[in-house]
Amino acid sequence: MSVANPTNAANCIFDFSSTIDIIPDVDQETLAGRFTFKLNENHQFSLEGTQTTNDNTSRVAPDPVTGITMQPSNPFFPRTTPGINLTQPISVGWRMVPAGPRTNGAHSEAQRLVADLSGVILGWDYKLGALYSRSTANDAAVDGYVNAPFVRAQVAAGNLNPFGEATPAQLAIIQQAKRAGVFANALGTTKSVDARVSKEIFDLPGGPAAVAIGAEFRKEFYKSDTNDAVVLAIPSAGRSPNHVGGERDVKAIGVELLLPVHKMVEVQLALRTDDYSDAGRTTNPKIGLRFQPMKELAIRSSYNTGFRAPALDDLYAPLAVTFTAGAKNDPLLCDAQGKPITSAGGIASRDCGQQPQVQNGGNANLKPEKSKTFTLGAVFEPMKALTLSVDYWNIKLRDQIDVLPVDSMLANATRYADRIIRCNQLPAAEQVNLQRCGGLWANSPAIGYLITHNENIGRVKTDGLDLSAAYSQSLGGFGNLSLGYDATYVHRYDYQTSPADAFKTRLGVYNDGSVVFRWKHNVSAAWAMNNWGARLAIRHQSGYRDQNDPTTVVGGPSFYGNVDSYTLVDLSGTYKFSKATSLTLGVKNLFDTDPPFSNQSSRSQRGYDPRYSDPLGRAFFVRAAYGF
């Protein structure tokens with residue numbers, strides 16, 4: 001429904017979050033199998049296959065139709081509204097509540113087949129493998145979408161009333177305005193063969209040296225095609241006819257050497273070369289060192305460079321226009337208080353505290369990401385049943401593949417003016433399909449859309465600690481108990497939103513649409529006796545400073561604050577009928593803990609962050625495994 005904006009009473013807002021599914025309907029079916037055949041004493045053949053099907057149905061807020069022009073002669077013109085000019089047409093925005101929520105359906109299927117042959121030939125351990133994977137996906141408008149030009153025309157003709165309850169006759173027109181169908185179909189395939197051989201080659205003071213050599217050839221294919229009739233009939237979906245695709249060949253070869261140069265010192269050397277037909281060639285080394293001065297203590301360290309080529313979807317994903325999840329102010333048409341700058345053509349209901357549209361999509365000019373990683377750690381076993389470890393890691397990444405955050409773009413409107421596309425820069429045929437460019441707003445200075453294609457946005461510098469502990473204890477006639485602890489502490493996470501920008505941080509602070517947690521850990525306790533078993537798990541993540549943004553936080557500074565830490569407890573019990581057959585009963589979120597409050601606006605669900613918490617609450621599950 002529409003309500004007065006608590007931070008700007010002159011404007012109305014629509015409470016779209018109340019109309020969005022908290023959890024979509026998901027149906028997943030997976031069939032997996034593995035068969036192993038021992039050919040003889042030295043050779044073995046394995047075949048593994050997986051088939052997965054996913055169906056996802058989600059519902060979001062009713063379709064927003066803006067740019068509706070109503071003349072004073074229209075029978076539904078709001079003549080009694082205080083301050084309205086009865087001699088001038090008005091521009092109207094209408095959430096199509098009578099049409100119901102926009103319902104989207106997504107269907108995907110994936111098949112994966114892996115074959116490998118392994119064994120020993122002439123003293124060399126070998127493994128030969130082949131892989132074929134295929135995935136298909138489509139997304140569709142199921143219900144609630146309307147043809148915006150048709151609705152505008154019906155309102156202009158006096159057949160639809162955007163200000164009152166729809167009559168049966170008007171509901172029939174709205175039903176006629178609805179459009180449905182599959183937006184696009186996508187296909188991806190991967191074919192690869194690989195080989196690896198290893199052997200001990202000579203003796204060193206600490207033991208035999210070993211070498212491993214591996215090679216791979218991979219062929220990837222990607223294709224995405226829109227259903228042009230559907231996307232043209234539903235302009236509010238933000239799609240355009242788009243038929244894109246690409247393929248690549250990937251060749252890789254690597255060698256590893258394990259050199260026990262002393263009884264207490266082991267050196268690992270590795271070198272890998274990757275050759276992408278579309279991203280170029282790169283060679284990356286790795287050096288590792290392990291020092292074990294005593295049986296109970298080992299110190300380890302490594303340094304390596306890394307390379308990640310952009311995925312085919314990063315390169316060729318079709319362009320699509322959609323809304324940001326959060327409200328934003330136009331930096332040229334609104335002032336710092338979110339009030340319209342009328343002298344520049346600003347209009348409060350169009351330019352201030354509104355959700356602008358963004359154009360997402362691939363970028364064929366992406367460069368690969370490159371990284372440097374250093375680690376240093378230790379493993380300590382003070383007693384046979386207890387193992388402790390700590391590892392420091394330091395990662396530097398450049399040419400990160402991501403999108404320029406909308407907040408950064410709007411905060412630097414002059415620098416990024418070429419990415420802020422305004423209605424008066426666009427042809428009329430394109431304006432008619434954009435929410436801020438229709439009707440009386442045509443050729444206005446309003447934002448048509450923001451360009452947020454994939455790009456190499458800059459560098460990342462992060463470091464921290466991984467901690468773990470494991471303890472096991474026999475309880476005599478009462479079975480065995482195992483305790484586990486795994487944690488990550490992030491000391492620093494600095495990033496750029498473009499190569500020319502200064503570094504910012506997401507560590508413990510919601511910034512540019514996301515946050516990096518300072519501390520996360522999992523604690524577990526597992527008990528087993530004969531065929532029975534039980535497991536208790538505790539998951540915890542630290543709190544952080546919330547998205548305290550005056551543009552997006554409806555209610556103002558009273559809602560500023562911090563997001564609390566979040567801890568969930570899971571419990572399960574298992575009975576084993578045989579070595580490979582078991583039945584597990586369990587409960588997730590045993591204490592029915594709610595997600596902590598957050599005023600984030602990067603996702604449509606509000607009041608919490610669905611990426612970092614689970615709104616489902618306490619959930620019971622049953623899992624069965626059968627082997628033969």
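Biologist: Is cysteine 423 buried or exposed?

Modeller: Cysteine 423 is buried, at 0% relative accessibility. Buried means under 20% relative accessible area, exposed over 50%, and partly exposed in between, with a 1.4 Å probe and protein chains only. Bear in mind that this is a predicted model: local features need pLDDT of at least 70, side-chain atom pairs count only at pLDDT 80 or more, and totals for chains, interfaces and linings use all residues. Residues are numbered from 1 along each chain as its sequence is written, and side-chain values use heavy atoms, with hydrogens and water left out.

Biologist: Which residue does a disulfide join to cysteine 423?

Modeller: Cysteine 437, with S to S at 2.0 Å. The cut-off for a disulfide is a pair of cysteine sulfur atoms within 2.5 Å. Cysteine 423 sits in the loop between β20 and α7 (428-431), and cysteine 437 in the loop between α7 and β21, so the bond ties together parts 14 residues apart in sequence. Helices (H or I, at least four residues) and strands (E, at least two) are DSSP runs, numbered from the N terminus.

Biologist: And cysteine 437, buried or exposed?

Modeller: Buried, with a relative accessible area of 2%. The torsion about the S-S bond of cysteine 423 and cysteine 437 is about -80 degrees, so this disulfide is left-handed.

Biologist: How many disulfides does a search of the whole structure find?

Modeller: 2. One of them links cysteine 334 and cysteine 352, whose sulfur atoms are 2.0 Å apart. Cysteine 334 lies in the loop between β15 and α5 (348-351), and cysteine 352 in the loop between α5 and β16, so the tied parts are 18 residues apart in sequence. Cysteine 334 and cysteine 352 are both buried. Their S-S torsion is about -105 degrees, so the disulfide is left-handed.

Biologist: What is the pairing, with the bonded cysteines numbered in sequence order?

Modeller: 1-2, 3-4.

Biologist: Now the sheet. What is the order of the 4 strands in the open sheet?

Modeller: β15-β16-β21-β20, with mixed pairing. Two strands pair if DSSP finds at least two bridges between them. β15 (320-323) and β20 (420-422) are the edges, each with a single partner strand, so one side of each has no neighbour in the sheet. Neighbouring strands are turned by 30 degrees against each other on average, direction ignored. Axes are lines fitted to C-alpha atoms, and angles run from 0 to 180 degrees between N-to-C directions.

Biologist: How many bridges join β16 to β21?

Modeller: 2, and these strands run parallel. β16 covers residues 357-360 and β21 residues 447-451. Valine 358 of the model stands opposite leucine 450 in β21.

Biologist: What about the phi of aspartate 399?

Modeller: Also positive, about 60 degrees, and again not a glycine. Aspartate 399 is in the loop between β18 (386-398) and β19 (401-403). With a relative accessible area of 17%, aspartate 399 is buried.

Biologist: Last one. Where is aspartate 609 found?

Modeller: In the loop between β31 (582-588) and β32 (619-625). Aspartate 609 counts as buried, at 2% relative accessibility. Leaving aside neighbours within four places in sequence, aspartate 609 is in contact with Tyr510, Tyr544, Ser598 and Gln600. Contact means heavy atoms within 4.5 Å.
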